[in-house]
Each structure stands twice: as structure tokens, then as C-alpha cells.
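I opened this notebook to keep track of what I looked up. The entries follow the order of my searches.

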Amino acid sequence: MRQVTSTTKCSACRDGVQSPFPFTMAFQPIVDVDTKKVYAYEALVRGPKGESAYSVLSQVTDQNKYAFDQNCRVAAIMLASQLGLVETGARLSINFMPGAVYSPAACIQLTLATAQKCGFPVERLIFEITETERVKDKAHLRSIVEEYRRQGFKVALDDFGSGYSELNMLADLQIDYLKLDIDLVKKVHKRPSALLIVKSIVALTKALGMEMLAEGVETLEEFETLRDCGVRLMQGYFFAKPAFETLPPVTWPEKSSTQGVESSASQVDSRAA
């Protein structure tokens, strides 16, 4: 594959560019615990035979990240559409690298064209900002967020609570969702300081008109503690593991541990969103 340069990017934004290496997607539900429906599915990169996200992302370089980022968007929308995600009414969440966007208005054209081709409503697309620790140009990131929201997309800040500059970023950006870092979620019911931080972030997001999403929920106790804090959007193995090239069913807790019942659960059709 030829390297994508500044002279070829404009046409690539419109017409596409060959993927630098083969990959596909797995999907993991983001659930609304108040309505017991799937709120969104996050598209997660996998190797063509189900290899880990790490095995894919370790192949991304400064030279090919533009082509990779563009192809991730296309692959996620096309595969999700083929799997019937549009018919579920759920949203689709796609990770993107801010450093792979050189011109927000230009680089989004292929995404818009793909969504139109697949009949995917753009207002049901969520873009998750990843690699926040590598963001050097805050003004450029702000222009990306502003353009995406102007196009009707929602924007999420991933792994909130894992970095030192995120509060400043939060003050400067119009974000729709905060994804709580998994290290704050883990055993939150046994860590009073972490619980206090979670409660504070929930209050902050509500004051700013944002939604908070807790990822990495793995136990009934974590689920109940987060729910009691006012978190309604959750994601994690407790509900469903990522499923290779398919939309997985969701497991819901039948009874609360406060009733002395173990984490017995039932499965529901994840397509009933």
C-alpha cells in the first residue's frame, strides 16, 4: 500500500484508502440499566481470525494511522449495518484517534458517505476520543469535537479518570458522554475513596449536562454500587463480553445481592433496544 500523504488525503477522505493491514470488529453492548435495553454497541477492533485488539493496534504507526482510522469507521458502520444494528434502535460507538484527523470537515466525509450508503442515522453514531494522553493540540481536538457535533454525532471521552489533564479537557470541550475509567470501577464497593470519586464525577456530569458511562463492570456488587450512585449506562463482562462479528445477547441480574441472592441472571435478546 502506498503511504498516504498530504497530497492524497483529500481524495482519500472522500473515496477511501486501502487498509494498511486486515482487521475486523467485535461488538460489546452498552446497556441502560434503568430501561433494561441496549443503549449502544461499541465496535472493538479484532484480527481477521479474532486476534486481540492489542495485536491489531500494535501494527498502527504514525505512517498508517490515518488509513487505519478511516477504515475503522467504515468497517464498524458497514458490519454493524449488516448485523442489523440499525433495526435494534441502538447507537454505534466508534473509537477514533484525534491524531489521525488532519481536517475535521474533510476527514469525516467518508464516514458520512458510508453511513448514508448503509442507511445508518448519523445521530446514532458516537465517537469515542481515545489516546487522550497523546493529545498535544487542544485547539485541534476542540475543532474535531465541534465539527462532529455539528454533523449530528455524539462524542464520548474514553477512560475518564486515568489522566491528569482531563479536567481541563472537559472544561474546553462539549462532550456528550464520559466513560469512567475501569480502574475506578474495579471493586468500587470495597474502596470508599474510589466510591467518593465516582459520586463526585456523577454529580459533575449531571451539572454539565453529560451522561456518565461506567465500563469494565464485572460483578453484581459493582453493578449495584454504580446504579445506586446514579449511573445508568454500563458496559462490561457482567452484561456481555465482546462478540466477534456479531451482536451478543445481554445478561441481566434477576435479583439483588441485598436480598441474599447470588448473581443469578437471565438472558434477554440484545436486539430489543
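**Entry 1: a charged pair**

Are Glu215 and Lys179 buried or exposed? I found that Glu215 is buried, and Lys179 is buried too. Buried means under 20% relative accessible area, exposed means over 50%, and partly exposed lies in between, with a 1.4 Å probe and protein chains only.

I noted the ground rules next. The model is predicted, so local features need pLDDT of at least 70 and side-chain atom pairs count only at pLDDT 80 or more, while totals for chains, interfaces and linings use all residues. Residues are numbered from 1 along each chain as its sequence is written, and side-chain values use heavy atoms, with hydrogens and water left out.

**Entry 2: salt bridges**

I looked up what joins the two residues. Glu215 and Lys179 form a salt bridge, with the closest N and O atoms 3.6 Å apart. Glu215 sits in strand 7 and Lys179 in strand 6, so this pair ties together parts that are 36 residues apart in sequence. A salt bridge here is a side-chain nitrogen of Lys or Arg within 4 Å of a carboxyl oxygen of Asp or Glu. Helices (H or I, at least four residues) and strands (E, at least two) are DSSP runs, numbered from the N terminus.

Lys179 has another partner. Glu128 forms a salt bridge with Lys179, and their closest N and O atoms are 3.1 Å apart. This pair links distant parts of the chain: Glu128 is in strand 4, Lys179 is in strand 6 (residues 177-180), and 51 residues separate them. Glu128 is buried, as is Lys179.

Which residues make up the network of salt bridges with Lys179? I listed Glu42, Glu128, Lys179 and Glu215. The structure holds ten salt bridges.

I checked one more pair. Lys65 and Asp62 meet through their side chains in a salt bridge of 3.9 Å, N to O. Lys65 counts as partly exposed because its relative accessibility is 23%. Asp62 has a relative accessible area of 62%, so Asp62 is exposed.

**Entry 3: strand 4**

I followed Glu128 back to its strand. Five of the five residues of strand 4 are buried. Which residues of strand 4 point one way, and which the other? Leu125, Phe127 and Ile129 point one way, while Ile126 and Glu128 point the other way.

Then I looked for its neighbours. Strand 3 (residues 91-96) pairs with strand 4 in the parallel sense, over five bridges. Two strands pair if DSSP finds at least two bridges between them. Leu92 stands opposite Leu125 of strand 4. Strand 5 (residues 154-160) runs parallel to strand 4, and four bridges join them. There, Phe127 stands opposite Val155 of strand 5.

**Entry 4: nonpolar cores**

Leu92 turned up again. The largest nonpolar core has 74 residues, and Leu92 and Phe239 have the most contacts inside it. Helix 3 (residues 65-82) gives the largest share of this core, eight residues. Another core of eight residues lies apart from it, and Ala40, Ile126, Ala156 and Tyr177 are among its members. A nonpolar core is a set of buried Ala, Val, Leu, Ile, Met, Phe, Trp, Tyr and Cys residues joined through side-chain atoms within 4.5 Å.

**Entry 5: Gln28**

I moved on to strand 1 (residues 24-32), where Gln28 lies. Why does Gln28 count as buried? Its relative accessibility is 8%, so Gln28 falls in the buried class.

**Entry 6: a loop residue**

Where is Glu123? I found Glu123 in the loop between helix 6 (109-118) and strand 4 (125-129). Glu123 counts as partly exposed because its relative accessibility is 48%. Glu123 and Lys154 are 31 residues apart in sequence, and 7.1 Å apart in space, C-alpha to C-alpha.

**Entry 7: helix 11**

My last stop was helix 11 (residues 220-228). Its buried residues include Leu220, Phe223 and Leu226. Just after helix 11, Gly230 takes a positive phi of about 100 degrees.
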